[in-house]
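My notes follow the order in which I checked things.

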Amino acid sequence: MNLKYLVIIIAVIIIIVVATSIVIELLYREGVEVEITTPPINMTNITIGSEIFLPYPRIKGDISLEEALSMRRSIREYKDISLTLEQLSQLLWAAQGINEVRRGFRTAPSAGATYPLEVYVVIRPNGVKGLPAGIYHYNIRRHSLTVIKLGDFRKELTEAALGQTWVYEAPINIVITAIYERTTRRYGERGIRYVHMEVGHVGQNVYLQAAALELGTVVIGAFYDGEVREIIGASKDEHPLYIMPVGVPEKLYRLNYEDLIKYYERQRSGS
Ligand SMILES: Cc1cc2nc3c(=O)[nH]c(=O)nc-3n(C[C@H](O)[C@H](O)[C@H](O)COP(=O)(O)O)c2cc1C
């Protein structure tokens, strides 16, 4: 073939490839989402020890961070509506999901990346569409759940939380535990405060993700540690730090922006 034609053909191929990648890039900027299919979940035969792959988390949402911050409130009354597996997936990813694949770093910071926290979900009957009631452990690296116990543990968990009724009413309760040793091994006594700081980050991530999904939650620190540990089937070296009931709020909290500006103006004028 004539060299001139060969050069023209190569040039045309390069132009097509470059143009296609520019179009794809522009489409993404316009917010077109990639269709990623999650492996199918076999809901039959869920027994103790079964692993359930969660739908992959989304990294785009309809509510901005600023809006989620303005909507964050402790919500203790929920509608009798089940959560979806997608909502549960998103909440757990916000709590401790992977957001850096090379080193397996997570959505919440951790002192020295020692990652002392474990995450459990207590699901009531019909709490999550398609999942039986029970206690589940979140497998962070596989974004999956392992069944620890099957059954309705709301009564026990509510009693362990000093009778706080929102624990009973919520479709799910996320329980965060800590294995202090993972952090104190490196930082000594100071590691204890690092673990407590870290659970605060996780709590806030869940609050904001819940707000962005128009769900409601509250952090609970008042409970009997030993009882909660036993209910969720955690080991002796795990210490429950937070229980977070999550559900569809009876009433969504919305900040009125004009009220906020008036508030600041009043504060500034000293009245
Ligand atoms: C460490 C900690 C422990 C808490 N424990 C409980 C609790 O046991 N029960 C509860 O209903 N709320 C609990 N809360 C939520 C607070 O009551 C709530 O954050 C506070 O009233 C402010 O309301 P807001 O979160 O809507 O801004 C706790 C909050 C924190 C930070």
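The entries below go from the ground rules to the sheet, the helices and the core.

**Ground rules.** I am working with a predicted model, in which local features need pLDDT of at least 70 and side-chain atom pairs count only at pLDDT 80 or more, while totals for chains, interfaces and linings use all residues. Residues are numbered from 1 along each chain as its sequence is written, and side-chain values use heavy atoms, with hydrogens and water left out.

**Sheet.** I looked up the strand order (strands are DSSP E runs of at least two residues, helices H or I runs of at least four, both numbered from the N terminus) and found seven strands in an open sheet, β1-β6-β5-β4-β7-β9-β8, with antiparallel pairing; two strands pair if DSSP finds at least two bridges between them. The edges are β1 (51–53) and β8 (216–217), each with a single partner strand, so one side of each has no neighbour in the sheet.

I then went through individual pairs. Strand β4 (residues 117–123) is joined to β7 (residues 172–178) by seven antiparallel bridges, and Glu 118 stands opposite Thr 177 in β7. Between β4 and β5 I found four bridges, again antiparallel, with Ile 123 partnered by Gly 134 in β5. Six bridges link β5 and β6, where His 137 faces Thr 146 of β6; these two strands form a hairpin with four residues between them, and His 143 in the turn has a positive phi of about 45°.

I also checked burial (buried is under 20% relative accessible area, exposed over 50%, partly exposed in between, with a 1.4 Å probe and protein chains only): five of the six residues of β5 are buried, so this strand is largely enclosed by the rest of the structure.

**Helix α7.** Helix α7 (residues 190–212) has 23 residues and spans 34 Å from first to last C-alpha, close to the 33 Å expected, the expectation being 1.5 Å times one less than the number of residues. Its buried residues include Gly 191, Val 195, Val 202 and Val 206. Just after α7, Glu 214 takes a positive phi of about 60°.

**Core.** Which residues have the most contacts inside the largest nonpolar core? Among them are Leu 88, Leu 91 and Ile 174, in a core of 58 residues; such a core is a set of buried Ala, Val, Leu, Ile, Met, Phe, Trp, Tyr and Cys residues joined through side-chain atoms within 4.5 Å. A second, separate core has five residues, including Ile 63 and Leu 208.
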